[in-house]
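Open your viewer and get ready to select as you read. We will visit an interface and then a pocket.

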Amino acid sequence: MAKLLPRLEYYHRPRTIEGAKKLLRQGKRTTMILGGGVSLGMIPRKQITDVIATEKLNLDYFIAGEELIQLGAGLSLGSAARQLEPHDDGAARLIMEAISRTATTPLRNLMTIGGVLAGVGPWSDLPVALLALHTTLVIDGDQKIELERFLLEGPAKVLSRSGLVTEVQVQRTGEISGSFMKFGRNTTDLAMASAAVSRRHSPGYDAEIRVAVGGLVARPKRLADVEEFFLSERQGEVDRSSLLDLVSKTVTPRPDPRAEKEYRLNLVTQLIADCWEDLLEEGQR
Amino acid sequence: MNVCFTLNNAPTELDVGPGERLVDVLRARGYMGTKYGCGTGECGACVVLLDGEPVNSCLVLAPRVEGKEVITIEGVGSPLQPHILQEEFSKAGAVQCGYCTPGMILSSLALLARNPNPTREDVLRALDGNLCRCTGYVKVVDAILSAAARMRERKES
């Protein structure tokens, strides 16, 4: 049996974020932060000699306040879903939906919120839903960055000048409705395409719409033009042909051996439109 | 490095390497019911309960279980005193080669602890990380639903 980390010499268990940062600063290129460790199964890191495990940092908390949902970076996806379940609001439901479509039950019990964001890839599900909400990341316990900026700059760049994601904050003020959809070859497949759409009504403000997609480019992406499109056509049935034109102008899919680019563009367009119609139906109910 | 944890309800202290996986550590110490399958978290043959939740032990580095509770299939029942789930798997013919069965039973156990009255859909979702390549899933789901009913009856009586 091949070892996951055959050269691993040190398994560090710092008890403070400062301690983890110190280890990171001292570390060599062969040091890595370990969240849930699920990515180790896909990409064995043969050169890794040191891991900095996050389980003693007390980051596995869940706080649902009136304005914010705070998810500690060490919280597993499974635990997050179980704790979100009793909260019947649009933001909680959207996050739960994305989590329930991620990987399998045993993997969700290992994958952490922080690990999913630090290791975000084209197929990541949760970041798509978070991007369709107002989400801020806390880095190293005291610095904040909008998720959108984090994804645009890339985790490697953002985290190289600081350290580790410690918390995710999702706004839940106003009346939020949201929908997440994903397409893969089976229920546990990595996303060939995914979409999340949210709509927020706050007293005294116009409705705000956010659209995010995954599965197509390096990291989940927000589609501002599509948001405008929905704002202008919000009551009617979606003109899917115009929407496809718009999405095709905004997104250039990366290659995926499972399907052609054109097919995936069409797919994501249908998912966006379905999400939107879901929201309209929910509004009518 | 030393790791202290609870294994099948018994306090346990083991000396493990930093890069050793939980599945390897368990099997090397005789807990052979935890099967090694794909090694990449795909098949669920190595599922154990970590603090009551099913996880793929092929992706857990052994030092991670420090201070936690691990349950393997050996901690669920024995040939002389099988758990209701094990009895129902046997009765329903939900076992063929048996390689996936420990993982299936542990995933079911976690489900029934949280949801004593699951629907067929709930069971299928709970087993989404456990692959079977012999019997398929119909008899497995039947067995879990029967076990759930028996466990509810027992609790009520």
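How many residues of chain A are in contact with chain B? Colour the two chains separately: 30 residues of chain A are in contact with 28 residues of chain B, where contact means heavy atoms within 4.5 Å. This is a predicted model, in which local features need pLDDT of at least 70 and side-chain atom pairs pLDDT 80 or more, while totals for chains, interfaces and linings use all residues. Residues are numbered from 1 along each chain as its sequence is written, chains are lettered from A in the order in which they are written, and side-chain values use heavy atoms, without hydrogens and water.

Next, select Arg108(A) and Asp128(B). They form a salt bridge, with their closest N and O atoms 3.6 Å apart; the term stands for a side-chain nitrogen of Lys or Arg within 4 Å of a carboxyl oxygen of Asp or Glu. The rule finds 2 salt bridges across the interface of chain A and chain B.

Keep Arg108(A) selected and turn to the second largest pocket. Arg108(A) is among the lining residues that lie nearest its centre, as are Arg82(A), Glu85(A), Arg114(B) and Arg125(B). In all, 20 residues line this pocket. A pocket here is an open set of points on a 1 Å grid over the protein atoms alone, where a 1.4 Å probe fits, with protein on both sides within 12 Å along at least five of seven lines; lining residues have an atom within 4 Å of a point.

Finally, show α3(B), which gives the largest share of that lining, 4 residues; helices are DSSP runs (H or I) of at least four residues, numbered from the N terminus.

Key
Helix = DSSP H or I, 4+ residues; strand = E, 2+ residues; numbered from the N terminus.
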